[in-house]
Structure formats: C-alpha cells, structure tokens
Amino acid sequence: MRIDRLLCFLRFVRTRSAARRLVDEGHIRLNGERVLRASRDIAAGDVLTLPLGKTVRLVEVLSLPERRGPPREAQECYRELDPGA
C-alpha cells in the first residue's frame with residue numbers, strides 16, 4: 001500500500017493530498033530512512049516516524065487497513081512505540 005494512502009486510512013491526516021504534502025516536504029521517515037515519494041510501499045512491520053502538530057509519533061504498522069474506517073478500527077492497525085512522548 002502507498003504511504004500517502006496508509007496515512008489517510010490510519011487517520012493521521014484527513015486527505016491523501018495532505019499526506020502527499022508531508023512526504024514531499026521530507027518530514028516522514030520509514031524504518032529510519034526519509035521517504036521522498038508518496039508512492040513508497042508500506043508493509044506490516046514497518047516503523048514510521050511522523051511529525052504531527054507539535055509532537056513526533058513513532059508507530060509500528062501491524063496490519064494494512066482495507067478502508068478509511070472509524071478511528072477505533074484504524075487504531076487496531078498500528079501500535080505506538082513511544083506512547084508517553
């Protein structure tokens with residue numbers, strides 16, 4: 001699954017264009033490497049570093065969602081690696 005689509009489905013951003021903007025600005029990291037293309041593939045087990053608002057979230061993708069569903073469904077697809085930060 002593309003990273004821009006995943007960020008939208010997991011409800012980290014509202015739209016794919018907002019996700020694409022984050023990627024284009026170079027703010028997203030996948031397994032420690034900067035993501036330069038919104039079409040970069042993501043698989044279960046990958047670790048994402050996401051700057052959201054004034055915080056940075058480190059999440060592990062547990063499974064790939066089928067659709068952009070309710071927040072509860074989206075939260076089941078990832079795990080925060082640093083929940084207290």
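## Cysteines

The sulfur of Cys77 lies 13 Å from the closest cysteine sulfur, that of Cys8, which is too far for a bond. In this predicted model, a disulfide would require the two sulfur atoms to be within 2.5 Å. The structure accordingly holds zero disulfides. Cys8 is in no disulfide, the nearest cysteine sulfur being that of Cys77.

Are these cysteines buried or exposed? Cys8 has a relative accessible area of 8% and is buried. Cys77 also counts as buried, at 8% relative accessibility. The cut-off for buried is under 20%.

## Glu60 in strand E4

Cys77 is also one of the contacts of Glu60, a residue of strand E4.

## Helix H2

Which residues of helix H2 are buried? Within this helix, which spans residues 16–24, they are Ala18, Ala19, Leu22 and Val23. These residues lie on the same side of H2, because they cover an arc of only 140° around the axis.

What do the buried residues of H2 pack against? Their partners are helix H1 (3–9) and strand E3 (47–52). After H2 comes Gly26, and its phi is positive, near 80°.

Arg67 sits in the loop that runs between strand E4 (55–61) and helix H3 (71–75). Its relative accessibility is 47%, so Arg67 counts as partly exposed. The class of exposed residues begins over 50%.

Apart from neighbours within four places in sequence, Arg67 is in contact with Phe9 and Glu73. The side chains of Arg67 and Glu73 are joined by a polar contact of 3.3 Å. Between the C-alpha atoms of Arg67 and Ala44 the separation is 15 Å, and these two residues are 23 residues apart along the chain.

## Summary of burial

Arg67, by contrast, is partly exposed.

Terms used:
Residues numbered from 1 in each chain as written. Predicted model: local features only at pLDDT ≥ 70, side-chain atom pairs only at ≥ 80, totals over all residues. Heavy atoms only, no water. Helix = DSSP H or I, 4+ residues; strand = E, 2+ residues; numbered from the N terminus. Buried < 20%, exposed > 50% of the residue type's maximum accessible area, 1.4 Å probe, protein only. Contact = heavy atoms within 4.5 Å. Polar contact = N/O pair within 3.5 Å; in protein donor to acceptor, adjacent residues only side chain to side chain. Arc of directions from axis to C-beta.
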